[in-house]
Amino acid sequence: MPDEQEWPRVKSTIYSWLWRSPASNSLVVALAHLSSGDRTLDIGCGPGAAVRQAARIVTKGRAVGVDRSQAMVAIARRRAEGLENVEFEVGAVEALPFPDDTFTVVWTVSAFHHWTDPEAGLEEIRRVLTPGGRLIIVEAQTSGEHGLSAAGAEKLRAELLRHGWVQPVMSRHQKEFVVSAHAR
Ligand SMILES: C[S@@+](CC[C@H](N)C(=O)[O-])C[C@H]1O[C@@H](n2cnc3c(N)ncnc32)[C@H](O)[C@@H]1O
């Protein structure tokens, strides 16, 4: 369901100017260790900086972004004009508009804390990931609501383990927590 109330056009435009190339987006692309044939999905991609960076590496694959805000997707599409292996779709993590086993790597940056149903979202990600595919969740380190605390990141890692994800790992970076795991 589109998220025009939370991320309407004006808020999306301001966000996209303030956060033109967030360090967290470069971090996730570096951590993904992409190969040219990877098929990547960025959930809650916002203006699409990480998708554009990935597209330069996955030249034989595809770099896809999905966001439940139509305004964000419009901005992301405009900024990616001219890049051939890039796509942006409107959609929510709880009901991803992609077939099973589509992507080799899925990530989400500064968006997990917005999800309405994290458990349903993680199930959907597992559905669209190929077996052995990788999930990377990046969130700001915070004790407030716009990110994760250390305890929250560790809880997320434990949840992934409990739900059958393989080798979930939590790591601390300069300003972010990263929780990653492989699909079975
Ligand atoms: C803080 S922005 C982060 C954007 C981008 N990932 C970045 O790092 O710049 C959060 C984005 O997540 C999107 N979002 C929130 N909940 C979502 C959900 N359940 N499914 C898909 N997108 C969602 C919002 O529309 C918004 O564009």
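I took helices (H or I, at least four residues) and strands (E, at least two) as DSSP runs, numbered from the N terminus. I noted that the model is predicted, so local features need pLDDT of at least 70 and side-chain atom pairs count only at pLDDT 80 or more, while totals for chains, interfaces and linings use all residues. Residues are numbered from 1 along each chain as its sequence is written.

**Alanine 181**

I looked up alanine 181 and found it in strand β7, residues 176-182. Alanine 181 is buried, with 24 other C-beta atoms within 10 Å; I call a residue buried if 20 or more other C-beta atoms, placed from the backbone, lie within 10 Å of its own, exposed if 12 or fewer, and partly exposed in between. Not counting residues up to four places away in sequence, alanine 181 touches Leu135, Leu160, Trp165, Val166, Gln167 and Pro168, where contact asks for C-beta atoms, placed from the backbone, within 7 Å.

**Helix α6**

I then turned to helix α6, residues 150-162, whose buried residues are Ala153, Leu156, Arg157 and Leu160. They cover an arc of only 100 degrees around the axis, which puts them on the same side of α6; the arc is that of the directions from the helix axis to the C-beta atoms. I recalled that an α-helix has 3.6 residues a turn, so residues three or four places apart point the same way. The buried residues of α6 pack against β5 (129-140), β6 (166-172) and β7, whereas the face turned away from the buried side carries the exposed residues Ala151 and Arg162. After α6 I found glycine 164, whose phi is positive, near 90 degrees.

Methods. Contact = placed C-beta atoms within 7 Å.
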